[in-house]
Amino acid sequence: MPHLHSPTRAEVHAMQWHVDQWGEGGAIERKLCISANPILALAAFEAAVKEWPDKEITCRHGSRVLREHKPK
């Protein structure tokens with residue numbers, strides 16, 4: 001069985017791309033993706049919107065919101 005990789009502090013710091021599912025009251029309900037790769041984070045965002053179209057979902061780089069889905 002291969003060993004799981006524990007990221008270093010520098011690797012964790014580089015993971016600035018976040019995809020979050022928001023709950024009522026403006027709090028993060030579920031952290032869906034944390035990545036150092038923007039392509040992976042955007043793909044996770046698109047998949048999350050398809051999976052949970054009735055939820056508010058954001059893709060952020062640090063504190064900057066790049067994509068946002070709000071249910072109709």
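Select Trp17, Val19, Cys33, Ala41, Phe45, Ala48, Val49, Ile57 and Cys59: these 9 residues form the largest nonpolar core. A nonpolar core here is a set of buried Ala, Val, Leu, Ile, Met, Phe, Trp, Tyr and Cys residues joined through side-chain atoms within 4.5 Å. Buried stands for under 20% relative accessible area, exposed for over 50%, and partly exposed for what lies in between, with a 1.4 Å probe and protein chains only. Two or more residues of this core come from each of β1 (17–22), α2 (38–51) and β3. The most, 4 residues, come from α2. In soluble globular proteins, nonpolar side chains tend to be buried together.

The model is predicted: local features need pLDDT of at least 70 and side-chain atom pairs pLDDT 80 or more, while totals for chains, interfaces and linings use all residues. Residues are numbered from 1 along each chain as its sequence is written, and side-chain values use heavy atoms, with hydrogens and water left out.

Now colour by secondary structure. The protein chain has 2 helices and 4 strands, in the order α-β-β-α-β-β along the sequence. These are DSSP runs numbered from the N terminus, helices being H or I with at least four residues and strands E with at least two. The C-alpha trace spans about 45 × 30 × 25 Å along its principal axes. Of the 72 residues in the protein chain, 24% are buried.

Next, select α2. Its 14 residues reach 20 Å from first C-alpha to last, close to the 20 Å expected at 1.5 Å a residue; the expected span is 1.5 Å times one less than the number of residues. At the start of α2, look at Asn37, where a side-chain oxygen comes to within 2.8 Å of the backbone nitrogen of Ile39.

Move to β1 and strand β2 (residues 28–35), which run antiparallel and are joined by 6 bridges; strands pair if DSSP finds at least two bridges between them. His18 has Ile34 as its bridge partner in β2. The two strands form a hairpin with 5 residues between them, and Gly25 in the turn has a positive phi of about 90°. Glu24 is in the loop between β1 and β2 and is exposed, with a relative accessible area of 82%. From the C-alpha of Glu24 to that of Lys50 is 20 Å.

Finish in strand β3 (residues 56–61), which holds Thr58. Thr58 counts as buried because its relative accessibility is 3%. Its side chain makes a polar contact of 2.8 Å with that of Trp22. A polar contact is a pair of N or O atoms within 3.5 Å; within protein, one must be able to donate a hydrogen and the other to accept it, and residues adjacent in sequence count only if both atoms are side-chain atoms. Beyond four places in sequence, the residues in contact (heavy atoms within 4.5 Å) with Thr58 include Phe45, Val65 and Arg67. Cys59, counted likewise, touches residues including Trp17, Ala41 and Leu66.
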